[in-house]
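Please consult the sequence and the coordinates while reading.

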Amino acid sequence: MSLLVALTLKASGATGEKLLFLHSKVIPDYESSDDVFALVSHRECTKLAGSVVYETCLAGRSEVIAKMFDRCIGSGEIRYKDKKADKVLKLSLPSAHSVEESVADTEGRNDHVDKLYRPNKKPWFPEFMLDSGLLDALCAYAINDKVKPIYPAGLYDKGWLYGKIRDSIFAIREERQPFIGFHGVVTTAVAGRGCREIIGFEQSDSRGENDSCRLLDRDTKAVIAESDIDPATGLFSLSAADPVRNGMLVFETVCPVASVDFGLILGFDIRVDAASCCIKDMYGNEKMIGKRKSRPKVFEETTWYEAASVGSSDAYSKLSEIFVRVLATLGPDVVIADPYFMGTIRQDDRGNLMLEPTQRAFINALVIVAVDYGLDSVTVVGNSRMNNHGEEATDDKSKMDVLKAKYECLWRNFFDGKLFEHIKPWKMVFRRAQTDFHNRYWFEGDGNGYINGSRAVIVSNSLSGMIEADFCGIDSQEHYNTVTSRYDNIIRKSDLFAEI
């Protein structure tokens, strides 16, 4: 499935409309029908200086949306049905334009390639469309009474649309690339060594009867396992004699898929791999170990929710990036007040600790902050609300005892990993408040587990099980004083729960 998003302009006194921005955007939903349906049918977004900006957003099968995009670029026409009524948009376009191709990695995705269209004659956009504040409001990242945000919410990352228009891009056609997903089968796992079976799928528009996948040793390139790719479903299953922790998948298909290097995540070990000069985080991003960055002085508020991203991996990679921005702003010592600490930690039948995606995103962010900015201590203060959730008590242990044992196991094993041969581990402290509280605040700390400085960020949800969350910096000194006067007292009266 794909979306066709069109922003158009009706200038005061003009007889027709002008195309401002056109986007054929691939999405992970499925559609078999050739029918196109309107999510937004030519809705007014904003009116400035007598000119009106409209949004039209259509959804349908990717091949159909691609033809509509090409027709619009060729003839300036978009035809669709809205509630069974025929709609026609006649638009003026640049008389001449250039086209270039770009690998789409700005959103952390690799499932598509962009074709970018730029007008040869500039300027094409009205001056008000170069206002980053207006475009933030248009994309729902700022409030403006004169602007109705484009739909669906979260369609674009903050600053994305402004960046395209600033670069004089008036149209983007995303072309879907093959997508590969795979994981180790937990029931074939051997603790600390890997899995004997890997299953996955290759998703593409065309697939051949003889498509296959091979698992190779990353160093020697020796074949460890082979599998046919089911032509109907794209599924494959690789079985190895010995447990596999990392390697290379090589695909022989009719589509342009060559190979994928991988490393399996085992239990709670998020496998942040380190070399002498760089690390690779759990989302595949590489960071150089070297000169520290300057910390940002201000945190820009933002909203995250999983459904706004293409896939769960993309969503939690973006959440981890938000955590990095929060932590970097607060300094080398951070104090987190969260009634549920880091949340519960699940345990499988084999006794392995299994982190939630948001917990992984948090730990991943701590690593990146330690590399880029430096990190000395993280203190997490929770309270008795945790008693009501998740952990199972045993005959000789309370729920909180079980939680404490899991936290200590998690962090001690994590700090014992190879990663910390290259970066300094930070102190991880958990404290239990004597008073219940509900809100979540992340504070600048003093190194001893208490609040210091004048920086704090409001986080609307807890560290585990986030589906969505708002992150807002506290800018008002009066607001900061009100919050810290209560939470400083709560934290100072808290009891040490665990320290690693």
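Does R492 count as buried, partly exposed or exposed? At 45% relative accessibility, R492 counts as partly exposed, where buried means under 20% relative accessible area, exposed over 50%, and partly exposed in between (1.4 Å probe, protein chains only). This is a predicted model, in which local features need pLDDT of at least 70 and side-chain atom pairs count only at pLDDT 80 or more, while totals for chains, interfaces and linings use all residues. Residues are numbered from 1 along each chain as its sequence is written, and side-chain values use heavy atoms, with hydrogens and water left out.

The partner of R492 is D488, and their side chains meet in a salt bridge at 3.2 Å, N to O. A salt bridge here requires a side-chain nitrogen of Lys or Arg within 4 Å of a carboxyl oxygen of Asp or Glu. Because D488 and R492 are 4 residues apart in helix 7 (residues 477–492), about one helical turn separates them. D488 is likewise partly exposed, with a relative accessible area of 23%. Elsewhere, salt bridges that share partners join D70, K115, R173 and E175 into one network. By the stated rule the count comes to 18 salt bridges.

The chain as a whole provides the setting. It holds 7 helices and 30 strands; helices (H or I, at least four residues) and strands (E, at least two) are DSSP runs, numbered from the N terminus. Of its 500 residues, 50% count as buried. Among contacts with a separation of 6 or more, 67% come from residues 24 or more positions apart, a contact being heavy atoms within 4.5 Å.

Aromatic rings supply another set of links. A search of the whole structure finds 25 aromatic pairs; rings of Phe, Tyr and Trp (its six-membered ring) pair if their centres lie within 6.5 Å, and planes under 30 degrees apart count as stacked, over 60 as edge-to-face and the rest as tilted. The pair of F362 and W442 is edge-to-face, because the ring centres are 5.8 Å apart and the planes stand at 75°. This pair links distant parts of the chain, with F362 in helix 5 (residues 357–372) and W442 in strand 27 (residues 441–445), 80 residues apart. F362 is buried at a relative accessible area of 0%, and W442 is buried at 1%. Ring pairs also link W411, F414, F415, F420 and W426 into a cluster.

The peptide bond from Y151 to P152 is cis, with omega near 0°, and P152 lies in the loop between helix 2 (132–138) and helix 3 (160–166). That loop also contains A140, whose phi is near 75°, a positive value in a residue other than glycine. S168, in the loop between helix 3 and strand 9 (171–176), has a positive phi near 60°. A140 is partly exposed at 42% relative accessibility, whereas S168 is buried at 16%.
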